[in-house]
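Try each task on the structure before you read its solution.

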Amino acid sequence: MKMKATLVILLLSAYASAQDCTREQLLQKPGAWKAGVQGSVNNVNTTDLSKEKGVNATIHKMVSTNYKPTGCQVLYTTVYGKYTNPGQIWKADPYYYSMYILRYLCDPSSADKSKYYVDISTPTTVSIAANAIFSLNTLYASDIPNDDMRGYLKLRTRPVKKDGAYFMGEEVVGDHGRPGEIKEYRWLITYNDTFPFYYLSQKEYLLIQKNRLEKNIRNSPSEKKYYEQFISNIDEYLKSSEEKLKQPAICMWNDEERFEKFVEEGTKGSFIAIKPNLSYYRKNLPLSAPQFFTVVYKISSGDPVFEENISNIQKAVDFAALRNMLGK
């Protein structure tokens, strides 16, 4: 009987030891911050770079003061710089502060079931960017280069005012429909109720597409008949009333190289055509001044460490504080 009792105690002890490294228990362990690559720089002058580093340092202080990692290591990095084209007008430099949530994971190679290590990669991140909007393509605080392949930029959805900022929508970006489905949530912080872009009208979009198709004919005369059918379609649309042609261009992703029709906003596979609005920017500010921010949360669902830490980071990222940094 004594021997059986001893065996039960040993089994319970082994079971308890095996439970020392569940994700729920790892979540209770204090986390840590770790500085990653700081200051990858391209095409930024020394004075502006110093001020931009100051902005990112303020953002890091805001988050790290109000949020303590648990069950993970938070690797943070910064990037500064831009690639520019001759004649391109820049109103402000883009620069970025990013956080990577690296979970503590159980160490299966150790006999000690409480041992753990830090993950080497992660699908769960947070990015705070000054003077850049990430959507279907990136809008910077500049005009569009003359050699741009489109002549416009694209948004999935219109920004909606929410919680003192503009919500730019959510999107599944990985493992669609699976337990670890990855989503991105985007926010925009601007001056008052204005945007650093404007919606392209149907007329402006049609003229851009017509010009592109005519260029295609000049470059490939053998394809003239194919392209002319879409030019005829554009010409018919251009006969519409001025009121209709002033409406925003809502277009299909697979319709850019030809053009068949505009669609209703929200149609699957559609986008809203936009262009940078250079009149948005306040004058006489250095390129280092943040004139808008975007905040992007990228989250893999179903993991307690990811969900807890992202929730607490969201509480620490103060949109009002970011807005007060604009233009300074």
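Keep in mind that this is a predicted model.

**Exercise 1.** Leaving aside its neighbours within four places in sequence, find out which residues threonine 125 is in contact with.

*Solution.* What remains is Met99, Tyr100, Val296, Tyr297, Lys298 and Ile310. Finally, look at its accessibility. Buried means under 20% relative accessible area, and threonine 125 has 16%, so it counts as buried.

**Exercise 2.** Look for disulfides in the whole structure and say what they link.

*Solution.* Step one is the search, and it turns up one disulfide. Step two is to name the partners: cysteine 21 and cysteine 106, with sulfur atoms 2.4 Å apart. Step four asks where the ends sit. Cysteine 21 is in the loop between helix H1 (2-18) and helix H2 (23-27), while cysteine 106 is in strand S3 (residues 95-106), so the bond ties together parts 85 residues apart in sequence.

Now check each end for burial. Cysteine 21 has 7% relative accessibility and counts as buried, whereas cysteine 106, at 30%, counts as partly exposed. And cysteine 72? That one is in no disulfide, and the nearest cysteine sulfur, belonging to cysteine 21, is 15 Å away. Cysteine 72 is buried too, at 0% relative accessibility.

**Exercise 3.** Take asparagine 43 and phenylalanine 259, which have a positive phi although neither is a glycine. Decide for each: buried or partly exposed?

*Solution.* Take asparagine 43 to begin with. Its phi is about 60 degrees, and it lies in the loop between strand S1 (32-42) and helix H3 (46-66). With 43% relative accessibility, asparagine 43 counts as partly exposed.

Then turn to phenylalanine 259, with a phi of about 75 degrees. This residue also belongs to a loop, here between strand S13 (250-252) and strand S14 (270-276). Its relative accessible area is 1%, so phenylalanine 259 is buried.

**Exercise 4.** Find which residues touch the most other members of the largest nonpolar core.

*Solution.* The core has 58 residues, and the answer is Ile59, Phe293, Val295, Val317 and Leu322. Zoom in on valine 295: not counting residues up to four places away in sequence, its contacts include Ser127, Tyr185, Trp187, Val317 and Leu322. Apart from this core lies another, of 19 residues, including Leu200 and Ala273.

How values were computed: Residues are numbered from 1 along each chain as its sequence is written. This is a predicted model: local features need pLDDT of at least 70, side-chain atom pairs count only at pLDDT 80 or more; totals for chains, interfaces and linings use all residues. Side-chain values use heavy atoms; hydrogens and water are left out. A nonpolar core is a set of buried Ala, Val, Leu, Ile, Met, Phe, Trp, Tyr and Cys residues joined through side-chain atoms within 4.5 Å. Buried means under 20% relative accessible area, exposed over 50%, partly exposed in between (1.4 Å probe, protein chains only). Contact means heavy atoms within 4.5 Å. A disulfide is a pair of cysteine sulfur atoms within 2.5 Å. Helices (H or I, at least four residues) and strands (E, at least two) are DSSP runs, numbered from the N terminus.
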